[in-house]
Amino acid sequence: MGSALRFAGLMAVCACVSLAAEVRAQAPRATPELDRKVQDFLDAERGKWDYLNVPYQDGKILHDLVVKGAHKAILEIGTSTGHSTVWLAWAAAKTGGRVVTIEIDRGRHERALANLKRAGVAEYVDARLADAHELVKLLPGPWDFVFQDADKEWYLRYFRDLEAKMAPGGCYTAHNVARPYARQVIEFLDYARKRPGVSFGFAEGASGEGISISCWSR
Ligand SMILES: C[S@@+](CC[C@H](N)C(=O)[O-])C[C@H]1O[C@@H](n2cnc3c(N)ncnc32)[C@H](O)[C@@H]1O
């Protein structure tokens, strides 16, 4: 491994270790003004997202799951330009949480940063430009909520890398599971369904892409 890569790995670990403290220290909760700003942004952008982003109703489902479960430490794999991230960050603003989101494509990552700022939720997000294959392994957790929406071929591997880092009561969601685009999505679903102590189901009211939900017992 090159020294530059080793240094980047070390920095990622340091940044991750401080995450729990940051979640605890995070200050302002959602206010009516913030709610209005985010909702206006989401309404204005509705139907315009064009970088493989989740549809509006799937974003709302993610938001509602986080708020209902009072989840704080949130991980998203696959930011793209940030539609689902805005929904997750809005939920984090309500629970006192924070979102770490990972995107490998610099252009999309930068557009996501701009969108998060416009939506008013940038301070609830730690957006990483990185290969999730590497970074997911380095992030220590524990995670209260995971949303995976990146490369479908890696779904099972992400899940296996993260399952030991899920907090009691934590939930792991995955997009594009209703019409699996890759054999590995089916393998992921088979594996997730059989985890002892982990409930498994699909989100009601989701788009035709589908969202699976695995939740750990408390
Ligand atoms: C379906 S899109 C995510 C959409 C986003 N969740 C939303 O709703 O706005 C999948 C994203 O995962 C990213 N991706 C694919 N492989 C990745 C990897 N190994 N690490 C990080 N990001 C990856 C792609 O560049 C793409 O932007």
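Visitor: Where is the place of alanine 91?

Guide: Helices are DSSP runs of H or I with at least four residues, and strands are E runs of at least two, numbered from the N terminus. Alanine 91 sits in helix H5, residues 83-95. This is a predicted model, in which local features need pLDDT of at least 70 and side-chain atom pairs count only at pLDDT 80 or more, while totals for chains, interfaces and linings use all residues. Residues are numbered from 1 along each chain as its sequence is written.

Visitor: Why does alanine 91 count as buried?

Guide: A residue is buried if 20 or more other C-beta atoms, placed from the backbone, lie within 10 Å of its own, exposed if 12 or fewer, and partly exposed in between. Alanine 91 counts as buried because it has 29 C-beta neighbours inside 10 Å.

Visitor: Which residues is alanine 91 in contact with, leaving aside neighbours within four places in sequence?

Guide: Contact requires C-beta atoms, placed from the backbone, within 7 Å. On that basis alanine 91 touches His63, Val66 and Val67.

Visitor: How many residues surround the ligand, and which are the closest?

Guide: A residue is near a molecule if its C-beta atom, placed from the backbone, lies within 6 Å of it. The ligand is surrounded by 21 residues, the closest being Asn53, Gly78, Ser80, Ser84 and Ala132. At least two residues of this shell come from each of H5, strand E2 (98-103) and helix H7 (132-138).

Note on methods: Two residues are in contact if their C-beta atoms, placed from the backbone, lie within 7 Å.
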